[in-house]
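Dear colleague,

Here is the structure I said I would hand over. Please look through it before you read on.

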Amino acid sequence: MPPRLALAIAIFVLLVGGIIAVVKEGQLPPADFTFNNDTEVESLDPAVVTGQPEGRIIDELYEGLVRLGPKDREPIPGVAESWDISEDGRTYTFHLRHDAKWSDGSPLNAHDMVYSMRRFLDPQTFAEYAYQAWYLKNGRRYSRAARGVEPGDKVEVELVERPDGALPFARGEVLRGELVRIETDEGVDQEMLDDPLKFVDHRTFVVSIDGEERLFRVGDNVPTTAPEGAEPCRQVLLDFSEVGFRAIDDYTVETVLESPTPYWLNLLGFYPLAPVNQKCVETHGPGQWTEVENIVTNGPFKLEFHRIRDRIRLRKNEHYWNRDNVALETIDALAVQALTTSFNLYETGKVDWITKVTPLIARELFEADPPRPDFNPDAQFGTYFYTFNTSRKPFDDVRVRQALMLAIDREEIVTTACAGELPALSMTPPGLPEYKAPECEPMNITRAKELLAEAGYPDGTGFPKIEILYNYEQQHQTIAELIRKQWRRNLGIDVATRNEEWGSYLSSQRQQKYDVVRRAWIGDYLDPNSMLDLWVTGGENNSTGWSNAEFDKLIQDAKAEPDADKRLEMLADAERILMREGPVMPIYYYVSRSMLKPYVYGWYNNLEDRHPLWTLSIRRDASGPNDFMASKPVREITMKPRRTEAATP
């Protein structure tokens with residue numbers, strides 16, 4: 001055989017062998033339970049994410065002091081096996097179970113919980129949900145770092161250098177003392193001193209440590225304007241011992257609140273407040289500690305692998321304290337964005353649960369005869385809305401915002417682009433007892449034109465071209481196009497649309513790189529405050545640039561109001577301001593459109609539309625309806641007749 005031919009055959013054999021090996025490696029055994037998680041997750045660090053796709057995974061990887069049950073979302077024991085509440089409702093004492101462990105088998109104790117809460121509140125963690133822990137005594141002051149301290153406070157000064165022997169990504173060395181005074185640089189005008197983004201640029205913090213006054217400037221380098229002897233530091237914060245979250249002993253955690261908070265236990269079961277493993281975080285650092293080969297968690301499942309834009313596989317955690325009551329061994333979470341593809345995967349038996357179907361498919365399912373038992377729509381405590389970037393013209397003018405709100409036809413939107421959803425005129429959805437949300441005005445094109453003219457844009461003349469931003473999904477696109485046409489038809493203004501993939505969309509929203517943006521919110525707990533405190537000045541989820549002192553005061557005062565009726569009145573007054581000022585434009589209230597295979601048990605409809613997977617089991621031989629099929633909707637979901645007239649361009 002000629003040498004060249006022999007070499008060619010050998011190369012061919014090697015190539016075929018490699019292809020066979022790759023194909024074989026790609027043949028995954030099916031998971032016990034597979035669902036479509038709708039998109040690629042942004043991160044698996046519970047402290048830094050806010051989305052539902054991330055929450056579904058994090059809820060299985062981690063466990064907080066409490067968990068929220070699958071049916072009524074009631075708090076149930078988690079890492080804490082029991083707890084006591086003081087008579088004044090401000091102090092909660094949690095008794096941790098002694099058999100709680102991390103997924104690497106190491107014990108989990110109260111000090112892990114304290115580390116995690118301190119990290120969550122640390123401003124350098126950039127936790128958007130940090131405000132959910134501001135119910136803790138001094139929690140907000142700790143998150144504000146140097147802006148939250150005053151002379152006489154116990155403080156901690158984090159230096160730039162780490163202590164000797166510290167892990168690679170540990171905090172800098174921490175010095176503790178008392179803040180004596182704050183000195184400002186000479187010749188700096190008050191406007192610059194008041195700028196929150198430059199607060200530390202012109203201030204020196206004088207701290208008494210072991211009887212000696214030391215001067216600190218926040219930053220890697222000390223500016224020439226600083227007093228002689230000033231030392232650089234990473235940050236100055238209130239001493240965490242002043243925050244109402246401490247370990248009494250290895251297995252007891254005490255939380256002290258600023259005021260009674262009836263939903264505090266529910267918040268502790270919310271995934272951003274889950275504990276993280278200090279050794280893992282400080283060994284591998286940001287962006288790396290959540291990688292498959294590094295991550296250490298404490299929930300019912302652990303991360304087996306993560307294929308970007310394909311799937312996440314979870315495997316039952318053998319070290320989980322309640323592992324004997326976790327029926328599933330493996331779970332696959334797919335990252336399929338196209339809802340039609342998702343439905344096809346469900347119909348062909350490739351997935352067991354899809355979180356939603358397209359409105360077109362939902363309409364067909366509503367009309368199915370006999371009804372499909374695996375489609376059971378239900379009310380949700382969530383609102384679909386647009387927000388305006390009030391830091392940009394023309395949205396800084398309340399008349400413009402009101403005009404845009406008055407010029408949309410919500411009935412046309414829900415009958416064209418939705419299936420079962422109800423038009424929304426408030427931020428807080430219906431369904432909460434004792435609370436009736438104040439509403440914005442319904443469509444009124446005549447009034448909208450008057451307001452636009454008052455703002456200097458008669459019949460849309462001179463109005464700048466604006467853009468609607470949304471993350472890609474067919475329904476979002478349809479709604480954006482409808483609103484674009486409605487605004488053009490009713491107000492004579494020019495509107496463009498832009499879609500971005502999930503991560504980029506979130507980044508643009510946070511950085512206020514938009515004119516108008518599609519948003520949605522499912523309440524973190526069943527209380528109007530969950531929908532309203534998003535919009536306080538400087539709130540982590542308030543990317544509108546809007547600020548209202550009266551609104552802020554009502555939200556803050558409501559948190560300290562012990563009388564339940566007065567508290568709800570205060571929240572209603574706050575929502576009335578929000579609807580009048582219009583940084584937020586409600587469009588519709590959510591209805592869940594899940595589909596679940598009849599052999600899956602332990603899945604219940606609930607207002608939050610959150611479904612823990614550790615409670616699920618597969619019973620293919622069962623003869624009766626599963627919990628999903630047997631559940632009753634909170635309110636009747638009925639289809640409205642669809643409009644026949646087409647929206648004009």
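The model is predicted, with pLDDT of at least 70 needed for local features and 80 or more for side-chain atom pairs, while totals for chains, interfaces and linings use all residues. Residues are numbered from 1 along each chain as its sequence is written, and side-chain values use heavy atoms, with hydrogens and water left out.

The largest pocket holds about 1,400 Å³ of space. Its lining has 42 residues, and Ser143, Arg147, Leu197, Gly538 and Glu540 are the closest to its centre. A pocket here is an open set of points on a 1 Å grid over the protein atoms alone, where a 1.4 Å probe fits and protein lies on both sides within 12 Å along at least five of seven lines; lining residues have an atom within 4 Å of a point. Points are joined across faces, edges and corners, and the volume is the space filled by probe spheres set on them.

At least two lining residues come from each of helix 3 (110–121), helix 4 (139–143), strand 11 (235–238) and helix 16 (549–560). Helix 16 gives the most, with 4 residues. Helices (H or I, at least four residues) and strands (E, at least two) are DSSP runs numbered from the N terminus. By class, this lining has 19 nonpolar, 11 polar and 12 charged residues. Nonpolar covers Ala, Val, Leu, Ile, Met, Phe, Trp, Tyr, Cys and Pro, charged covers Asp, Glu, Lys and Arg, and the others, Gly among them, are polar.

The second largest pocket has a volume of about 530 Å³. Of its 23 lining residues, Arg119, Gln124, Thr125, Phe169 and Pro286 are the closest to the centre. Helix 3 and helix 7 (278–284) are the elements that give two or more residues to this lining, and the largest share, 3 residues, comes from helix 3. The lining of the second largest pocket divides into 7 nonpolar, 7 polar and 9 charged residues.

An open sheet of 4 strands runs in the order 4-5-13-12, with antiparallel pairing. Two strands count as paired if DSSP finds at least two bridges between them. Strand 4 (80–85) and strand 12 (245–249) are the edges, each pairing on one side only. Neighbouring strands are turned by 25 degrees against each other on average, direction ignored. Strand 5 (residues 91–96) and strand 13 (residues 252–256) pair over 5 bridges, and Thr91 stands opposite Val256 in strand 13.

Helix 3 packs on this sheet and touches strand 5, strand 12 and strand 13; its direction makes about 165 degrees with that of strand 12. Contact means heavy atoms within 4.5 Å. Axes are lines fitted to C-alpha atoms, for helices over the stretch in contact, and angles run from 0 to 180 degrees between N-to-C directions.

Aromatic pairs

The whole structure has 23 aromatic pairs. In one of them, the ring centres of Tyr142 and Phe240 are 5.1 Å apart and the planes stand at 75 degrees, so the pair is edge-to-face. Tyr142 lies in helix 4 and Phe240 in the loop between strand 11 and strand 12, so this pair ties together parts 98 residues apart in sequence. Rings of Phe, Tyr and Trp (its six-membered ring) pair if their centres lie within 6.5 Å; planes under 30 degrees apart count as stacked, over 60 as edge-to-face and the rest as tilted.

Backbone

The peptide bond from Asp369 to Pro370 is cis, with omega near 5 degrees. Pro370 sits in the loop between helix 9 (359–366) and strand 18 (378–388).

Regards
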